[in-house]
Amino acid sequence: MNIDLLLKYFPGLTAQQKERFEALDGLYRDWNAKINVVSRQDIDALYEKHILHSLGIAKIVQFKPGTEILDVGTGGGFPGIPLAILFPLVDFHLVDSIGKKIKVVQEISTALELSNVKAEQTRVEQLTTTYDFVVSRAVTRLKPFLGWVRYKIHKSGNNDRPNGVLYLKGGDLAEELAEVPDRYRVYDLSDYFDEPFFETKKVIYIPKK
């Protein structure tokens, strides 16, 4: 399944992108044996539950070259690493408070020669830089998350959508979204991907005010 699953939805991958995506399986299996960054039952479904899920963001925004993106609570590198492979001319800053997870991200980025990835052990509250977009995958409830990142986003950008937050989350989000005073739009990933896994998965887009 692996790379064929990605080609089903992203048929225009270059030879280098295919090579890098194919390499993720072995890299994550090797590192996961040392440092558990992907649940044991999910490692065999890496391409569906982690890589393609991460790339769901690319169905909402096609980032233009030079865009700067912060991935908060990246864990083992999701969604940042798959997005960095897909958008080699976009700059990604992947942060997590857990050092051993960042070590995995750094090692995998180095092995893939992803010069557009910077991985750092830090908390988002400590960052002083700003970005075009903040991406993340179900780190916490939206309300506190938006509090962390509200001032980390540039006001203006050159993408087809205004700068903002792109948050991957699943399940019934009605209660959580009711806490968010911002304008937002919810995209169902089942509109883009056929696999049953994506039936409840969503991208929440919150443009900067």
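Mentor: Let us start with the term core: a nonpolar core is a set of buried Ala, Val, Leu, Ile, Met, Phe, Trp, Tyr and Cys residues joined through side-chain atoms within 4.5 Å, where buried means under 20% relative accessible area, exposed over 50%, and partly exposed in between, with a 1.4 Å probe and protein chains only. This is a predicted model, in which local features need pLDDT of at least 70 and side-chain atom pairs count only at pLDDT 80 or more, while totals for chains, interfaces and linings use all residues. Residues are numbered from 1 along each chain as its sequence is written, and side-chain values use heavy atoms, with hydrogens and water left out.

Trainee: Which residues have the most contacts inside the largest nonpolar core?

Mentor: That core has 54 residues, and Leu24, Tyr28, Ile81 and Leu166 are those with the most contacts inside it. Taking contact as heavy atoms within 4.5 Å, and leaving aside neighbours within four places in sequence, leucine 24 is in contact with Leu46, Tyr47, Ile51, Ile81, Ile85, Ile108 and Leu112.

Trainee: What makes β3 and β6 edge strands?

Mentor: Helices (H or I, at least four residues) and strands (E, at least two) are DSSP runs numbered from the N terminus, and two strands pair if DSSP finds at least two bridges between them. The open sheet has 7 strands in the order β3-β2-β1-β4-β5-β7-β6, with mixed pairing. Because β3 (117-121) and β6 (185-188) each have a single partner strand, one side of each is left without a neighbour in the sheet.

Trainee: What makes β7 mostly covered?

Mentor: By the cut-off for burial, 7 of its 7 residues are buried. Lys201, Val203, Tyr205 and Pro207 lie on one side and Lys202, Ile204 and Ile206 on the other, and with all of them buried, both faces of β7 are covered.

Trainee: Why is α3 described as largely enclosed?

Mentor: Helix α3 is largely enclosed by the rest of the structure because 9 of its 10 residues are buried. The buried residues are Leu46, Tyr47, Glu48, His50, Ile51, Leu52, His53, Ser54 and Leu55, and what covers them includes α1 (2-9), α2, α4 (80-86), β4, β5 and β7.

Trainee: How are the axes of α2 and α5 placed against each other?

Mentor: Axes are lines fitted to C-alpha atoms, for helices over the stretch in contact, and angles run from 0 to 180 degrees between N-to-C directions. On that basis, helix α2 (residues 15-34) and α5 pack at an angle of about 150 degrees, with their axes 11 Å apart. Leu24, Leu27, Tyr28 and Trp31 in α2 meet Lys103, Val104, Glu107, Ile108 and Ala111 in α5.

Trainee: Why is histidine 93 called buried, and what about valine 37?

Mentor: Histidine 93, in strand β2, has a relative accessible area of 7% and is therefore buried. Valine 37 is in the loop between α2 and α3, and at 16% relative accessibility it also counts as buried. Leaving aside neighbours within four places in sequence, valine 37 is in contact with Tyr28, Asn32, Gly76, Lys101 and Val104.

Trainee: Why is glutamate 113 called exposed?

Mentor: Glutamate 113 has a relative accessible area of 62%, so it is exposed. Its place is in the loop between α5 and β3, and its phi is near 55 degrees, a positive value in a residue other than glycine.

Trainee: What is the form of the peptide bond from phenylalanine 78 to proline 79?

Mentor: That bond is cis, with omega near 5 degrees, and proline 79 lies in the loop between β1 (68-72) and α4. Most residues other than glycine have a negative phi, and most peptide bonds are trans.
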